[in-house]
There are 2 protein chains.
Amino acid sequence: MRREIAPCCQEQQIHPEALEKVRSLLPPDERLYDLAELFKIFGDSTRLKILYALLEGELCVCDLAGLMAVTQSAVSHQLRVLKNSKLIKFRREGKTIYYSLADSHVERILSQGMEHIEE
Amino acid sequence: MRREIAPCCQEQQIHPEALEKVRSLLPPDERLYDLAELFKIFGDSTRLKILYALLEGELCVCDLAGLMAVTQSAVSHQLRVLKNSKLIKFRREGKTIYYSLADSHVERILSQGMEHIEE
DNA sequence: TAAACATATGAATAAATGTTCATATATAGA
DNA sequence: TCTATATATGAACATTTATTCATATGTTTA
């Protein structure tokens with residue numbers, strides 16, 4: 001039989017005092033958005049593989065393409081994403097372009113993630 | 001004018017020795033996939049906001065819905081995602097369900113990400 | 001300058017994902 | 001048992017996103 005449908009949380013907020021405190025400590029929306037954008041970058045196994053590969057040192061696009069099961073084009077597209085987020089940098093040497101990690105944050109973020117998984 | 005198109009990396013791999021080393025140190029594909037899944041969770045500002053809110057302590061679904069600009073349904077869906085990834089846990093108290101962070105990894109992953117953004 | 005190679009990029013496509021709406025389920029109280 | 005409230009869930013939809021294909025750009029060497 002049908003039952004009445006109620007909108008949620010009619011009694012105002014259930015814990016207004018907790019909510020007030022949380023609200024005041026929360027990072028601004030814009031910052032949360034940027035942070036989400038950053039983690040989104042790490043949320044793809046192709047990009048993760050590239051980052052892990054670069055932990056050992058610089059590699060060129062062909063090396064990376066040879067390492068992964070995707071086309072050179074796909075690698076190149078993903079390198080651009082990583083470059084735009086300042087997670088990797090590059091240098092040119094003739095026809096070849098060498099990519100490497102931008103800083104040590106990448107390694108630390110990867111490790112924290114791995115730790116969580118490995119339990 | 002048209003120029004000939006060449007497939008990439010014809011000369012075998014450019015740096016075979018580097019590639020060999022990288023290949024041997026790379027985490028297995030399955031693990032990279034799992035790690036990507038984890039970071040994917042952090043790659044959404046709604047979920048990030050929930051996680052940051054829970055840093056201060058437990059909150060019920062209505063509290064969280066009140067905090068965000070989305071429906072109770074959306075919050076509930078996201079809570080399930082977070083629950084499935086073992087990032088949050090919950091306890092029931094009558095009609096109300098209180099959610100809280102599962103462990104301290106969440107906080108550390110968030111901090112590492114923030115550090116990168118804040119430069 | 002023409003050919004060859006390394007890398008980048010635009011368009012198209014398929015798959016994944018977040019939100020809402022409608023409604024189901026669980027619990028408490030009358 | 002009936003009603004009200006808190007939370008969960010399935011379906012539909014719109015948006016994002018990763019990949020491939022075709023081709024463009026940049027660099028070296030003949």
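B:Gln112 is found in helix 6 of chain B, where helices (H or I, at least four residues) and strands (E, at least two) are DSSP runs numbered from the N terminus. The residue B:Gln112 is buried, with a relative accessible area of 12%; buried denotes under 20% relative accessible area, exposed over 50%, and partly exposed the range in between, with a 1.4 Å probe and protein chains only. Leaving aside residues up to four places away in sequence, B:Gln112 touches A:Arg108, A:Ile109 and A:Gln112, a contact being heavy atoms within 4.5 Å.

The model is predicted, so that local features need pLDDT of at least 70 and side-chain atom pairs count only at pLDDT 80 or more, whereas totals for chains, interfaces and linings use all residues. Residues are numbered from 1 along each chain as its sequence is written, chains are lettered from A and ligands numbered from 1 in the order in which they are written, and side-chain values use heavy atoms, with hydrogens and water left out.

In the interface, 57 residues of chain B are in contact with 56 residues of chain A. The size of an interface is often given as the accessible area lost when the parts come together. Between chain B and chain A the buried area is about 5300 Å², with carbon and sulfur atoms giving 71%; this is the accessible area (1.4 Å probe) that two parts lose on being put together, summed over both.

Between the two chains, 6 salt bridges are counted, each a side-chain nitrogen of Lys or Arg within 4 Å of a carboxyl oxygen of Asp or Glu. One of these joins the side chains of A:Glu118 and B:Arg31, at 2.8 Å from N to O. Helix 2 of chain B contributes 11 residues, the largest share of the side of chain B that touches chain A. By class, this side of chain B comprises 29 nonpolar, 12 polar and 16 charged residues, with Ala, Val, Leu, Ile, Met, Phe, Trp, Tyr, Cys and Pro taken as nonpolar, Asp, Glu, Lys and Arg as charged, and the others, Gly among them, as polar.

Chain A contains 6 helices and 3 strands, which run α-α-α-β-α-α-β-β-α from the N terminus on. Of its 119 residues, 43% count as buried. Among contacts in chain A with a separation of 6 or more, 52% are accounted for by residues 24 or more positions apart. Chain A exposes about 7000 Å², of which carbon and sulfur atoms supply 49%; accessible areas come from the Shrake-Rupley method with a 1.4 Å probe, and for residues only the protein chains shown count as cover.
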